[in-house]
Amino acid sequence: MGSPKACMSTYLIAVLWLVAGARSAAAFNYADALDKAVLFFEAQRSGKLPPGQRVAWRADSALSDGNASNVDLVGGYYDAGDNIKFGLPMAFTVTMLSWSVVEFGGAMPPGQLANAEAAVRWGSDYLLKAATATPGALYVQVADPYQDHRCWERPEDMDTPRAAYKVTPQNPGSDVAGETAAALAAASLVFRARDPAYSSKLLRAARQVFDFADRYRGSYIDSLSSVVCPFYCSYSGYKDELLWAATWLHLASSPSPSSQSVYMTYINSNGHTLGGEQDAYTVSWDDKRAATKVLLSKVFLQNRVESLRPYKAHADKYICSLVPGASGFQSQYTPGGLLFTERDSNMEYVTSTAFLLLTYAKYLGSTGGAASCGATAVTPSTLVSLAKKQVDYILGANPAGMSYMVGFGARYPRRVHHRGASMPSVRDHPARIGCDEGFHYLHSSDPDRNVLVGAVVGGPDQSDSYSDSRDNYAQAEPSTYTNAPLVGALAFFAGAR
């Protein structure tokens with residue numbers, strides 16, 4: 001992660017860490033931030049909005065999605081600032097949001113938990129449609145991104161082509177199908193107690209989609225490259241999604257995590273060929289390798305499934321890579337203490353990392369364990385402290401003194417790269433705003449017409465600098481898959497009294 005030249009020395013990192021730690025000592029209202037982080041998903045809804053819709057400046061949109069293919073693909077989420085429904089990042093969003101609820105939903109008050117579950121269900125309902133609309137196929141995208149990006153339109157005004165794209169046995173997509181199976185399985189855990197019938201329906205679909213992904217192997221960037229790349233090319237391949245999906249299916253299918261399900265047999269038989277022995281140091285919508293090792297470590301630590309012991313060692317390597325001063329440390333942090341991985345949408349990596357630090361701390365803490373970093377044992381409290389620094393940076397404990405969550409705190413981004421937020425709402429401006437007319441709002445320096453409450457933007461650069469410009473999509477665009485793991489992290493801190 002980052003060249004040796006780009007990474008700071010261990011000594012300098014340790015010094016800067018003391019400064020960043022002092023800065024992040026400020027207390028934040030994590031419960032309020034959690035409310036806002038969940039609310040953001042309502043602004044991203046596609047389809048017929050429900051009666052309880054709280055983001056009032058949004059209205060119904062894309063009500064004919066799927067019609068051209070004689071299927072119903074209405075619903076789901078716009079993953080970022082445009083009006084496309086990409087299946088891979090949407091499924092990853094549902095997986096991480098479900099994991100957030102599974103691990104930390106107990107820290108949420110009932111109303112807050114209900115809103116988080118509603119956010120999961122809005123996505124899982126759509127994925128069910130995509131998985132079951134046509135036998136032997138999985139719908140993985142709605143809209144041509146090149147056509148969509150020719151316009152700057154509110155979702156409610158869309159008149160660009162809404163073609164539906166699918167993967168099939170002849171044109172496979174094990175990466176997107178594997179992630180969809182993981183999402184459906186993870187969501188089934190969210191609803192297992194509250195809505196058993198719905199949970200069972202999700203799990204049945206998850207098994208079918210996983211079988212499809214595993215039987216017809218291939219990457220969807222080979223099958224649909226003309227409409228997927230360069231937006232959501234799956235550069236990590238599809239093997240990580242297969243192991244990730246099998247892990248979630250084991251957890252969702254077994255009476256107890258220690259039982260020997262057909263999916264545990266699959267993991268033990270195929271893990272080494274599906275990236276289980278590869279170390280990875282980032283987690284994103286594309287690469288699930290480190291996240292899978294953390295999740296399998298849960299089963300090893302809490303249920304002593306000895307065949308999974310190697311995954312704990314790999315999870316330790318990932319964790320050690322993040323801890324300044326630890327043996328194996330190789331991450332890059334900004335002078336202000338923010339994990340820096342990518343120039344574009346860096347906060348995606350920050351929120352996923354913070355969440356995994358907390359989940360791993362929980363798993364280790366439940367067994368009195370620690371992460372082994374050479375001769376040093378890194379305790380759960382160290383991981384919690386590191387995660388807190390990242391979350392606090394997002395909320396305002398940073399050199400700029402601004403929150404990177406829209407609507408939280410006194411200073412936050414006012415010009416988000418987001419069509420609906422930048423333009424007057426249908427409620428305030430009922431007349432249609434045309435394709436080309438909308439670009440006036442994209443390039444305007446005026447603040448957003450609608451505050452996209454809870455959205456976490458791409459964030460500052462490696463020097464902690466941020467340009468609050470709508471044209472600056474690398475820093476100013478939010479996404480559902482940035483917020484999804486942050487929901488879990490905020491729930492943890494909101495519940496840590």
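Is Cys435 buried or exposed, and what is its relative accessible area? Cys435 is buried, with a relative accessible area of 16%, where buried denotes under 20% relative accessible area, exposed over 50% and partly exposed the range in between, as computed with a 1.4 Å probe on protein chains only.

The structure is a predicted model, in which local features need pLDDT of at least 70 and side-chain atom pairs count only at pLDDT 80 or more, whereas totals for chains, interfaces and linings use all residues. Residues are numbered from 1 along each chain as its sequence is written, and side-chain values use heavy atoms, with hydrogens and water left out. The mean pLDDT of the chain (the predictor's confidence in each residue, from 0 to 100) is 92, and 93% of the residues reach 70 or more. Over residues 1–24, however, pLDDT stays under 50, and for this stretch the model has 42 contacts beyond four places in sequence, a contact being defined by heavy atoms within 4.5 Å.

The structure holds 2 disulfides, each defined as a pair of cysteine sulfur atoms within 2.5 Å. In one of them, the sulfur atoms of Cys151 and Cys435 are 2.0 Å apart, and the link is left-handed, with -90° about the S-S bond. This pair links distant parts of the chain, 284 residues apart, with Cys151 in the loop between α5 (145–148) and β3 (164–167) and Cys435 in the loop between α16 (419–422) and α17 (439–443); helices (H or I, at least four residues) and strands (E, at least two) are DSSP runs numbered from the N terminus. Cys151 also counts as buried, because its relative accessibility is 4%.

A disulfide also joins Cys320 to Cys373, with an S to S distance of 1.9 Å, and this link is left-handed with -90° about the S-S bond. Because Cys320 lies in helix α13 (residues 309–320) and Cys373 in strand β4 (residues 371–373), the pair ties together parts that are 53 residues apart in sequence. Both Cys320 and Cys373 are buried.

Helix α14 (residues 347–365) contains Ser352, which counts as buried because its relative accessibility is 0%. Apart from neighbours within four places in sequence, Ser352 is in contact with Phe92, Val283 and Pro485. The axes of α14 and helix α15 (residues 380–395) come within 8 Å and cross at roughly 155°, the axes being lines fitted to C-alpha atoms over the stretch in contact, with angles from 0 to 180 degrees between N-to-C directions. The two helices α14 and α15 are therefore roughly antiparallel to each other, a class that comprises angles over 145 degrees. Residues making this contact include Met347, Val350 and Leu364 of α14 and Pro380, Leu383 and Ile394 of α15.

Definitions and conventions: Parallel < 35°, antiparallel > 145°, perpendicular 65-115°, else oblique.
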